[in-house]
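Here is a model for a reader who has not seen it before.

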Amino acid sequence: MTTTTPQAVLAPTRARTAADSPTARRRQGFQHGGWFVAPFLVLFALFVIWPLLRGVYLSLTDANISGDGAGFVGLDNYREALHDQLMWDALGHSAYFTLLVVPCITVLALLLALLAHHIERGKWLWRLCFFIPFLLPSTVAGNLWQWLFNPGTGMVNYLFGLDTPWLTGTSYAMLAVVITTLWWTVGFSFLLYLAALQNIPAHLYEAAELDGANVWHRMVHITLPMLRNITGLVIALQILASLQVFDQAVVMQDFGPGPEGSTRTFVQYTLEEGFTSYRVGYASAISIIFFVIIAAVALARMWLLRNREEDAR
Amino acid sequence: MTADTAQAPVKSRTRKPWSPSQVVLTLIGVAVSAVFLAPLAWALFTSLKSETEAVEVPAHWLPEDWTGQAWKALFATGNITDWFVNSLVVSICVTVVVLLVSALAGYGFARTEFRGKAFLMGTVMAGLMVSPAVLGVPLFTTVQQMGMVDTYWGMILPQCAPAAMVYILYKFFQGIPKELEEAAFIDGAGRWRVFFTIIVPLSRPSLSAVGIFTFIASWNNFLWPYMVTNNPDLMTMPNGIATVMNSYGIQWAQLMAGGLMAGLPLIVVFVFFQRQIVSGVAHTGLAGQ
């Protein structure tokens with residue numbers, strides 16, 4: 001920047017005075033800020049907001065798959081949903097899956113991360129081993145474990161000398177999906193924990209060591225408290241992902257609902273209603289119910305977090 | 001143990017000798033890794049068996065007859081190369097678009113002012129709860145209305161509005177010291193120039209983490225392509241593999257070969273980029289700082 005010409009000297013001053021007036025600043029700000037977020041907002045409006053609004057509208061109609069000739073039926077779909085045992089069952093299966101997966105994955109990911117963090121040699125190898133399953137498509141993970149759980153030809157029963165009907169027993173089918181999910185997805189949370197462990201400042205441990213804290217003390221008084229934020233994030237992400245479980249469950253049951261419908265999850269039920277029974281209106285209504293449940297869970301988490309932050313103050 | 005002390009000092013990069021606790025931890029690590037890798041080894045060995053041997057009872061690990069017939073059959077009967085190319089096109093497009101729009105939006109929300117910003121940011125946060133899984137049917141009818149069913153556009157664009165990535169980058173951009181930008185503003189640089197010459201280079205680790213996770217998610221996305229296309233020529237790897245199962249009956253050896261093919265590209269990417277991935281996650285604020 002050469003500052004020899006008078007214009008160049010004046011320019012910044014002029015810019016500053018113009019920017020000082022609030023309206024000018026806002027206008028200029030809109031020009032820039034608005035354009036930065038605009039491309040995303042267009043996509044977001046088309047593929048998130050509009051489908052959501054459309055879903056609300058469709059849920060009040062008896063639309064079929066083409067969406068044509070839909071008659072307005074008011075709240076009939078919602079009334080029907082309240083008495084739909086299959087919907088409540090599907091919701092129950094998704095909730096049961098979530099209750100089993102979330103605590104297991106959180107603890108498992110933490111243990112794996114601590115292990116990989118504390119072994120001094122071959123760090124890349126442990127990262128690779130624990131993360132590899134997450135790199136497989138869900139259909140592949142599902143097929144692989146369907147194969148492993150196969151009663152006659154599969155490895156699970158053979159290795160452990162069991163005779164368990166993993167895929168065909170009503171009380172085992174969902175358990176098989178849970179085990180598959182743990183193996184397949186724990187790597188992601190493991191990586192989050194590993195990154196968080198690396199972010200803990202080393203001087204905390206050095207100071208504790210000088211004070212004579214042993215391994216256990218350091219774990220309880222430094223590591224675990226420093227991981228509290230990431231644990232909250234892992235749990236939140238896992239709850240949202242687990243409630244939306246679909247892929248593994250259908251793949252392991254050859255796109256069916258499982259023995260006596262025991263692995264039919266909420267997402268699967270909406271898609272069945274929408275694409276198999278062609279009841280788009282009804283499918284939209286239960287999708288909206290599902291959206292409200294997810295939103296309630298997310299808001300409850302935010303509310304709990306806010307309370308905790310206020311307690312901390 | 002003695003090997004360490006015998007090593008030339010140049011070669012040993014500040015290596016500590018094996019302590020008893022390290023020996024124990026490493027052994028645990030080996031055992032846990034074996035559990036994690038066993039299913040993959042099982043898939044690999046199955047893919048090298050003949051179809052009849054694959055379903056023999058009782059199951060056994062190693063093929064008695066090593067054969068590549070499942071791999072050959074996979075390429076001969078399926079559209080596997082098409083699916084591979086489709087996956088590549090879809091995932092690369094999604095990754096490029098997501099990186100571009102979410103970096104711009106994250107920066108816009110973090111550092112610029114405009115009317116309605118708070119409201120729009122709140123809407124985007126609410127969008128975190130909407131996914132094809134939650135509102136699949138209305139999303140499908142929307143895409144249908146736009147005439148994008150069974151097209152690349154229909155597969156790509158709905159994956160390109162991830163509120164989560166905007167939020168992650170928004171958090172990261174907020175953490176960049178304002179002074180870095182202000183110096184450039186005083187020198188006369190505009191917003192766009194500051195963004196591309198200062199912010200983007202500073203954000204490389206975060207952007208690569210976001211890009212890699214977007215790529216993984218898109219490559220492995222099953223539900224959306226499953227809904228939006230029935231055309232075997234347009235399917236992506238995960239969907240194609242799922243149809244191998246349906247249309248030919250269960251051919252386990254072939255299925256395992258296909259599964260390994262679908263997983264391989266990402267495994268290769270991860271092997272090369274894992275250091276960047278972990279440091280990227282640590283930088284993004286994904287790690288909850």
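The questions below concern a predicted model, its confidence and the contact between its chains.

Student: In chain A, where is confidence lowest, and where is it highest?
Tutor: Chain A has an average pLDDT of 86, and 87% of the residues score at least 70. Over residues 1-30 of chain A the pLDDT is below 50, and this stretch has 16 contacts in the model beyond near neighbours in sequence. By element, the lowest mean is 41, in helix α1 (residues 6-20) of chain A, and the highest is 96, in helix α4 (residues 85-118) of chain A.

Student: How much area do chain A and chain B bury between them?
Tutor: In the model, 95 residues of chain A are in contact with 105 residues of chain B. Carbon and sulfur atoms carry 76% of the area buried between the two chains, which is about 8900 Å².

Student: Which residues of chain A lose the most area to chain B?
Tutor: Three residues head that side, together giving 10% of what it buries. They are Phe36(A), Arg121(A) and Trp147(A).

Student: How many residue pairs are in polar contact across the interface of chain A and chain B?
Tutor: Salt bridges across this interface number zero by the rule. For polar contact, both residues must be at pLDDT 80 or more, and the pairs found number twelve.

Student: Which helix gives the most to the side of chain A that touches chain B?
Tutor: By class, that side has 65 nonpolar, 23 polar and seven charged residues. The helix that gives the most, with 24 residues, is helix α2 (residues 22-58) of chain A.

Methods
Residues are numbered from 1 along each chain as its sequence is written. Chains are lettered from A and ligands numbered from 1 in the order in which they are written. This is a predicted model: local features need pLDDT of at least 70, side-chain atom pairs count only at pLDDT 80 or more; totals for chains, interfaces and linings use all residues. Side-chain values use heavy atoms; hydrogens and water are left out. Contact means heavy atoms within 4.5 Å. Buried area is the accessible area (1.4 Å probe) that two parts lose on being put together, summed over both. A salt bridge is a side-chain nitrogen of Lys or Arg within 4 Å of a carboxyl oxygen of Asp or Glu. A polar contact is a pair of N or O atoms within 3.5 Å; within protein, one must be able to donate a hydrogen and the other to accept it, and residues adjacent in sequence count only if both atoms are side-chain atoms. Helices (H or I, at least four residues) and strands (E, at least two) are DSSP runs, numbered from the N terminus. Ala, Val, Leu, Ile, Met, Phe, Trp, Tyr, Cys and Pro count as nonpolar, Asp, Glu, Lys and Arg as charged, and the others, Gly among them, as polar. pLDDT is the predictor's confidence in each residue, from 0 to 100.
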